[in-house]
Amino acid sequence: MTIIVFFKKLDGILTGIEERLIYLLMASMLTIVFLAVLNRFLIQLPMSWSEEVARYLMIWAAFVGASLGVKNSVHISVDALVHAIPPAAQRMMTQLGNVLSFAFCAWFFYIGAEFIGRLMDAGQLSPALRMPIYYAYAAVPCGFALMSVRYLISFVYLFYEKSSDVRNESLNVEGAMERGKQK
């Protein structure tokens with residue numbers, strides 16, 4: 001198995017997990033908020049825990065979704081300089097961006113994991129649910145770990161890509177793989 005095939009399979013597995021997880025998180029959040037509104041106004045029995053659960057589900061969905069944002073190249077970026085330079089330099093600049101983004105995400109994963117460890121030692125509980133608070137905060141290191149993997153995938157694919165045409169779409173591994181097959 002070549003490196004490109006391994007990373008393509010890894011990308012497919014991650015995409016499937018992330019998409020399903022985001023769907024589950026968002027559907028759960030919508031259901032809980034809907035039931036909370038119904039309970040409050042129809043039955044007059046508020047669900048005191050619903051706001052906290054919805055907040056934690058949204059946080060998890062945002063951090064997992066950030067990884068999909070890396071895959072699909074939808075994060076905000078300023079690429080005027082990249083488009084103004086020759087294709088070979090674009091490729092180098094994009095790779096530099098991948099390396100720096102990977103380092104940033106890996107660093108925040110490390111910081112987040114240390115923080116989760118401290119929260120586990122502290123034994124702090126959430127206000128309404130009384131669950132360990134580190135479950136909610138674990139979204140941060142998980143999201144940054146997923147984004148780190150995505151930047152690594154982008155780096156490896158762009159490293160092995162034959163074309164010198166580098167645009168934001170080349171970070172989308174599936175689209176770049178298709179362009180590579182056509183050439």
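The following legends describe several close-up views of one predicted protein model.

The model is predicted, and local features need pLDDT of at least 70, side-chain atom pairs count only at pLDDT 80 or more, and totals for chains, interfaces and linings use all residues. Residues are numbered from 1 along each chain as its sequence is written, and side-chain values use heavy atoms, with hydrogens and water left out.

**Figure 1. Overview of the helices in the protein chain.** The protein chain holds seven helices and zero strands, where helices (H or I, at least four residues) and strands (E, at least two) are DSSP runs numbered from the N terminus. Read from the N terminus, the order of elements is α-α-α-α-α-α-α. Of the 183 residues in the chain, 35% are buried; buried means under 20% relative accessible area, exposed over 50%, and partly exposed in between (1.4 Å probe, protein chains only). Among contacts with a separation of 6 or more, 72% join residues 24 or more positions apart, a contact being heavy atoms within 4.5 Å.

**Figure 2. Packing of H1 against H2.** Two packed helices are described by the angle between their axes and the distance between the axes. For H1 and H2, the angle is about 155° and the axes are 9 Å apart. Axes are lines fitted to C-alpha atoms, for helices over the stretch in contact, and angles run from 0 to 180 degrees between N-to-C directions. H1 is therefore roughly antiparallel to H2; angles under 35 degrees count as roughly parallel, over 145 as roughly antiparallel, 65 to 115 as roughly perpendicular and the rest as oblique. The crossing of H1 past H2 is left-handed, a term used if the near helix is turned anticlockwise from the far one by less than a right angle, with clockwise giving right-handed. The residues of this contact comprise 16 nonpolar, five polar and four charged. In this classification Ala, Val, Leu, Ile, Met, Phe, Trp, Tyr, Cys and Pro count as nonpolar, Asp, Glu, Lys and Arg as charged, and the others, Gly among them, as polar.

**Figure 3. Packing of H2 against H6.** The axes of H2 and H6 come within 8 Å and cross at roughly 5°. This angle makes H2 roughly parallel to H6. On the H2 side, the contributing residues include Ile59, Trp60, Phe63 and Val64, and on the H6 side they include Phe144, Leu146, Met147 and Arg150. By class, the contact has 14 nonpolar, two polar and two charged residues.

Figure 4. Side chains of opposite charge can pair when their charged atoms come close. The whole structure contains four salt bridges, each a side-chain nitrogen of Lys or Arg within 4 Å of a carboxyl oxygen of Asp or Glu. In one of them, the side chains of Asp11 and Lys71 meet at 3.3 Å, N to O. Asp11 belongs to helix H1 and Lys71 to helix H2 (residues 50-71), so this pair ties together parts that are 60 residues apart in sequence. Both Asp11 and Lys71 are buried. Asp11 also forms a salt bridge with Arg150, at 2.2 Å, N to O. Since Arg150 lies in helix H6 (residues 139-160) and Asp11 in helix H1, this pair ties together parts that are 139 residues apart in sequence. Arg150, like Asp11, is buried.

Figure 5. Arg55 and Glu51 form a salt bridge whose closest N and O atoms are 3.1 Å apart. The two residues both lie in H2, four residues apart, about one turn of the helix. Arg55 counts as partly exposed at 40% relative accessibility, and Glu51 counts as exposed at 56%. Elsewhere, salt bridges that share partners join Asp11, Glu18, Lys71 and Arg150 into one network.

**Figure 6. Surroundings of Glu18.** Glu18 is placed in helix H1 (residues 3-43). With 2% relative accessibility, Glu18 counts as buried. Leaving aside neighbours within four places in sequence, Glu18 is in contact with Val64, Ser67, Leu68, Leu146 and Arg150. Of these, Leu146 is 128 residues from Glu18 in sequence and 9.2 Å away in space, C-alpha to C-alpha.

**Figure 7. Loop residues with positive phi.** Gln44 has a phi near 60°, a positive value in a residue other than glycine. Gln44 occupies the loop between H1 and H2 and is exposed, with a relative accessible area of 61%. Arg130 also has a positive phi, near 60°. Arg130 is found in the loop between helix H4 (87-122) and helix H5 (134-137), and counts as exposed at 53% relative accessibility.
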